[in-house]
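Subject: Structure handover

Hi there,

Here is the structure I promised to pass on to you. Could you have it open while you read the notes below?

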Amino acid sequence: MTQPSPTATPQATRSEREPEVRSQDQAPARQAPIIQVTGLEKTYITARGSLNLFRGLDFEVEAGAMVAIVGQSGAGKSTLLHILGALDTPSAGTVYCASTDVAKLTQRQAAAFRNREIGYVWQFHYLLPEFTALENVAMPLLARDMKKREALQLAANWLREVGLEDRSEHRPGELSGGEQQRVALARALVNNPRLLLADEPTGDLDEVTAGRVFDLIERLHASHGLTSILVTHNLELAARCTRALRLESGRLTPLADLPKTDLPAGSN
Ligand SMILES: Nc1ncnc2c1ncn2[C@@H]1O[C@H](COP(=O)(O)OP(=O)(O)OP(=O)(O)O)[C@@H](O)[C@H]1O
Ligand SMILES: [Mg+2]
């Protein structure tokens, strides 16, 4: 079940909020994993029969890790992110994410959990076209009833953090693809979540812009003490993460363990 939400101010980073507790002569205590998945199964019932995506999948993610997940189209990468972020439910197994048994949440609890703990970034930015960049970033704060003035101030801080303070009055249609994703990142993180779940966040960008957006994700990941899971088709970007896993036939395998021939150039 959910634990009480942290009492820190929205501006504080996770690392500021949750200082490591250790006495002088002690080695750092091993933290419980922030994500713990056991026996995960997901079955979709379709007109053509049932589709089993995961077959008893187990995996853990340590707090602070930056994990890349690659895999063929249809392997279940998005579905896995949706389950971790309480947007979808598993058919079997347990999924603990940010101290929460996500499969047991009611819809209302799931919405609160997502708002508090998860920052989502998608391949497409999904910014609201009729609102400015500043208003788009402020939206999650307004959704939890923060006063407009305070929300806009925090949103402005975030736009500065992603290097877009001079684009705050632009509507999404007046921003480049990379700028749109940077606004989307600011919006994802404005509530100061513990987890960043990003589904092909650079998939719609050219190589140079993708690299810059990835640089920003890396920087925000480190400076805000995030745990990040990034689905990507880009092996070079995956290799920059602390762990890179391939989802295939319902299993996650470390990329480093796979023979090079398994990864033809340009594939995922
Ligand atoms: N609601 C659903 N009902 C039935 N089948 C579904 C549903 N959602 C996804 N699927 C199927 O589950 C499989 C995994 O989908 P998913 O979107 O997780 O793949 P993916 O690895 O993210 O692929 P891509 O790289 O193309 O984004 C696909 O074969 C898809 O058709
Ligand atoms: Mg997908």
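Predicted model: local features only at pLDDT ≥ 70, side-chain atom pairs only at ≥ 80, totals over all residues.

Residues are numbered from 1 along each chain as its sequence is written, and chains are lettered from A and ligands numbered from 1 in the order in which they are written.

The overall picture

The chain has eight helices and 10 strands; these are DSSP runs numbered from the N terminus, helices being H or I with at least four residues and strands E with at least two. Of its 268 residues, 38% are buried. Here, buried means that 20 or more other C-beta atoms lie within 10 Å of a residue's own, exposed means 12 or fewer, and partly exposed lies in between, with C-beta atoms placed from the backbone. Among contacts with a separation of 6 or more, 70% are between residues 24 or more positions apart; a contact has C-beta atoms, placed from the backbone, within 7 Å.

The sheet

Six strands form an open sheet with mixed pairing, in the order E6-E7-E8-E3-E9-E10. Two strands count as paired if DSSP finds at least two bridges between them. At the edges are E6 (118-121) and E10 (251-254), each of which pairs on one side only. On average, neighbouring strands are turned by 20 degrees against each other, direction ignored.

Do have a look at E8 (residues 227-231), where five of five residues are buried. Thr227, Ile229 and Val231 point one way from E8, and Ser228 and Leu230 the other way. E8 runs parallel to E7, with five bridges between them, and Leu196 stands opposite Ser228. E3 (residues 66-70) is also parallel to E8, joined by four bridges, and there Val67 has Ile229 as its bridge partner. Further along, E9 (residues 243-248) and E10 are antiparallel and share four bridges, with Glu248 opposite Arg251.

Helix H6 (residues 177-189) lies across E6 and E7 (195-199), at about 165 degrees to E6. Such angles run from 0 to 180 degrees between N-to-C directions, with axes fitted to C-alpha atoms, for helices over the stretch in contact.

Helix H3

Which residues of H3 are buried? They are Ala110, Phe113, Arg114 and Glu117. These residues are on the same side of H3 because they cover an arc of only 95 degrees around the axis, the arc being that of the directions from the helix axis to the C-beta atoms. Their cover includes E5 (100-101), E6 and E7.

Ala111 also lies in H3 (residues 107-117), but is partly exposed, with 14 other C-beta atoms within 10 Å. Ala111 and Leu87 are 24 residues apart in sequence and 8.5 Å apart in space, C-alpha to C-alpha.

The ligand

Around ligand 1 there is a shell of residues, including Tyr44, Leu53, Gly74 and Lys77; a residue counts if its C-beta atom, placed from the backbone, lies within 6 Å. E1 (35-46), E2 (49-61) and H2 (77-84) each supply at least two residues of the shell, and H2 gives the largest share, three residues. By class, four are nonpolar, seven polar and one charged. Ala, Val, Leu, Ile, Met, Phe, Trp, Tyr, Cys and Pro count as nonpolar, Asp, Glu, Lys and Arg as charged, and the others, Gly among them, as polar.

Best wishes

Conventions. Contact = placed C-beta atoms within 7 Å.
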